[in-house]
Amino acid sequence: MVQPIRWYHSETAKPRGTELHINLSFLGGARNVTGSRYLLEANDVRLLVDCGLYQEREFRARNWDPLPIAHRTLDAVLLTHAHLDHCGLLPKLVRDGFRGPIYATAATCEIARIMLADSARLQQEDAEFKRRRHQRERRKGSFPEVPLYTVEDAEACFPLFSPVRYGESTRIGDGIEATFYDAGHVLGSSMIKVAVSRNGEKRTVLFSGDVGRQDKPILRDPTLFSEADYVLVESTYGDRLHQDSADMGDSLAEIVTSTRKAGGNVVVPSFALERAQEVLYYLNELLVENRVPRLLVFLDSPMAVSITEIFERHPELFDEEMTTLVGRNKSPFDFPGLKMVETVDESKAINQVQGTIVIIAGSGMCTGGRIKHHLVTNISRPESTILFVGYQASGTLGRHIVNGAKKIRILGQQHAVKARIAQIDGLSAHADRDELLRWLSGLRKAPRHVFVTHGEEEAAESFGEFLRESTGWDVSVPGYGEEALLE
Ligand SMILES: [Zn+2]
């Protein structure tokens, strides 16, 4: 029988007693995409699933909101994966007093270290930039001019990281266990099932994290579940269907071949985690199959290089095809012509290389990083191609270029856009509407309730409606700060 969900606010008295109750609070990723953070309270244990940074401009002020509970009363954090919208508020949590374990897979712990240190550096630079600008303009901004957290705050999280393995249960507290499963989203990403037991009763709450896609390169497919009492499911692309990514190789082959014929370079703005490694995977495949001529490929991003090394350290996370490739010495991270670029001098030297080369650099939306220098060198050359392989948020330099701007400003200078601008879709790391439904369809019986989370309001509502119609299940779309009592 499906129990009704009772909604109430913190000021209402919470029921107590010997019965099994789970209190769930939606502190982020609730009618918005970023800031994933869910507080689960049961059996006098309190745990957070994810502790993400709000990245949408309209919600960023929430990063400064205090946690609704005292930090020292929080027992543990369970981390689904290393994207900042899932882990980026950890340094603040630890600075504010949290001292418990942060459970995540080993790969997630390793990648999160890199992401958090980088995020802290950006927070510090941002705060300093704002402080100077406000001083110059003799005004005060709406945000404090202190960084949300510092590199030291980020480093203070590292000793708390407690690696877990897929499929093994971890005891969090009295009658509370958590088990991590492969989510197929990025390396080390997890779906987490929390089991709560009390007086012979047991309930499970399944947190989808970010749901990956089937048949993606390198990673295994997302885990399917046959049962769960309550489910939190993400809905980033809950109102959309992805383009088929089957022709990724064909598109890339055409772009590389024609750019080489024209005598230009292929410049690929890319995220450091997953997308950069996927592009290498496809390039390697084309080289192995002799579909593109041999050429130099530069991965010009210290962060992407470090993350690629983490991939190489965790072959146990690869899918079958990737395992076979590596076994045959055909690893996409070690093919002839691939150069991992770390220092600034090495990066500058790329400009001197003659002939067509492929340059993969960050940031993925051209908002910073070394990609800007490569754009300066290539964007006014009609023989070069700028190849976009990821989502370009509105207002970013990447979006301007994709939208067909004739002139753009990079590093303080105007540049005419003459290069070919190409875009390959279908590389999303998130399941679309039908893939989300397929993931949920593994459940043999209706969950007591499904919460649609981690999607923009429209996407979340639309997926909630779609799910209700397709399954007849009890579904709701919780908002920021709302709580639900699960029985
Ligand atoms: Zn993610």
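**Close-up 1. Val267 meets its partner in strand S17.** In this predicted model, Val267 has Ile386 of S17 as its bridge partner. The two strands involved are S13, residues 266-269, and S17, residues 385-388. They pair in the parallel sense, over two bridges. Strands of a sheet pair through backbone hydrogen bonds, either parallel or antiparallel.

**Close-up 2. Six strands form an open sheet.** The strand order is S15-S14-S16-S13-S17-S20, and the pairing is parallel. Strand S15 (338-341) and strand S20 (420-423) are the edges. Each edge strand pairs on one side only. From one strand to the next, the twist averages 20 degrees.

**Close-up 3. Helix H6 packs on the sheet.** Helix H6 covers residues 275-288. It touches strand S14 (296-300), S15 and strand S16 (357-361). The direction of helix H6 makes about 160 degrees with that of S16.

**Close-up 4. Four residues hold the zinc ion.** The protein donors are His81 (NE2), His83 (ND1), His185 (NE2) and Asp210 (OD). They lie 2.1 to 2.3 Å from the zinc ion. Angles among the four donor atoms run from 93 to 167 degrees, and the site is irregular. A tetrahedral site would need all angles between 85 and 135 degrees.

**Close-up 5. Zinc donors come from separate parts of the chain.** Along the chain, the donors follow the spacing H-x1-H-x101-H-x24-D. His83 lies in the loop between strand S5 (76-78) and helix H1 (84-87). His185 lies in the loop between strand S9 (176-182) and strand S10 (190-198). The pair therefore ties together parts that are 102 residues apart in sequence. His185 is buried, with a relative accessible area of 1%.

Conventions
Residues numbered from 1 in each chain as written. Predicted model: local features only at pLDDT ≥ 70, side-chain atom pairs only at ≥ 80, totals over all residues. Heavy atoms only, no water. Pairing = 2+ DSSP bridges. Helix = DSSP H or I, 4+ residues; strand = E, 2+ residues; numbered from the N terminus. Axes fitted to C-alpha atoms, helices over the stretch in contact; angles between N-to-C directions. Contact = heavy atoms within 4.5 Å. Donors = N, O, S within 2.8 Å, 3.2 Å for Na, K, Ca; no water. Tetrahedral: all angles 85-135°; square planar, octahedral: opposite > 155°, others 65-115°. Buried < 20%, exposed > 50% of the residue type's maximum accessible area, 1.4 Å probe, protein only.
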